[in-house]
Amino acid sequence: MVLVGSGRLEAADRRPCRAGDESLALGPAAVLRLRGGVLSAVETVNDAKIHMQARKLLAGASPPSRADLEACGFDLAALAKERAAS
């Protein structure tokens, strides 16, 4: 089993998750973490595909908001492609 996490860390707070963050399950092996309504971290277990899609989204200039995630039906691949095309 492989547990992997990716996050966008802020200089003032080096923790990818903290009290008050929102957690959303994405299937049986992934959890999306949102801080202030914006994707801040993703944790996956044995799911390299979701992990790499999330890394692409987190590496972008502005991580997706909850509204962005809901608009694409939480399809990280579709959202990553959409953002790469624009």
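The following questions and answers explain how features of this predicted model get their labels.

User: What rules apply to the model and its numbering?
Analyst: Residues are numbered from 1 along each chain as its sequence is written, and side-chain values use heavy atoms, with hydrogens and water left out. This is a predicted model, where local features need pLDDT of at least 70, side-chain atom pairs count only at pLDDT 80 or more, and totals for chains, interfaces and linings use all residues.

User: What makes β2 and β3 a pair?
Analyst: Strands are DSSP runs of E, at least two residues long; helices are runs of H or I, at least four; both are numbered from the N terminus. Two strands pair if DSSP finds at least two bridges between them. Strand β2 (residues 22-25) and strand β3 (residues 30-35) have 4 bridges, in the antiparallel sense. They therefore meet the definition.

User: Why are R66 and E22 called partly exposed?
Analyst: Buried means under 20% relative accessible area, exposed means over 50%, and partly exposed is in between (1.4 Å probe, protein chains only). R66 has 27%. E22 has 31%. Both values therefore fall in the partly exposed range.

User: What makes E22, R66 and E70 a network?
Analyst: Salt bridges link the three residues. R66 meets E22, and R66 also meets E70 at 2.7 Å, N to O. E70 and R66 are 4 residues apart in helix α2, about one helical turn. E70 is partly exposed at 42%.

User: How do you know that R83 and D68 form a salt bridge, and which helices hold them?
Analyst: Their closest N and O atoms are 2.9 Å apart, so the pair passes the distance test. R83 is in helix α3 (residues 76-85) and D68 in helix α2, so the helix definition covers both places. A search of the whole structure finds 4 salt bridges.

User: What makes a set of residues a nonpolar core, and how many are in the largest?
Analyst: A nonpolar core is a set of buried Ala, Val, Leu, Ile, Met, Phe, Trp, Tyr and Cys residues, joined through side-chain atoms within 4.5 Å. The largest has 16 residues. Those with the most contacts inside it are L26, L32, V42, L69 and L76. The elements giving two or more residues are β3, β4 (38-45), α1 (48-59) and α3. α1 gives the most, with 4 residues.

User: What does L26 touch?
Analyst: Contact means heavy atoms within 4.5 Å. Leaving out residues up to four places away in sequence, L26 touches L32, I50, F74 and L76.

User: Why do the buried residues of α3 line one face?
Analyst: In α3, L76, L79 and A80 are buried. The arc is taken from the directions from the helix axis to the C-beta atoms. Here the buried residues fall within an arc of 100°, so they line one face of the helix. They pack against β3, α1 and α2. K81, E82 and A85, on the other side, are exposed.

User: Is Q53 buried or exposed, and what does this residue touch?
Analyst: Q53 lies in helix α1. Its relative accessible area is 14%, so the label is buried. Apart from residues up to four places away in sequence, Q53 touches L76 and A77.

User: Where is G37, and what is in contact with this residue?
Analyst: G37 lies in the loop between β3 and β4. Neighbours within four places aside, G37 is in contact with S65 and R66. The C-alpha atoms of G37 and A67 are separated by 8.2 Å, though the residues are 30 apart along the chain. G37 is partly exposed at 29%.

How values were computed. Salt bridge = Lys/Arg side-chain N within 4 Å of Asp/Glu carboxyl O.
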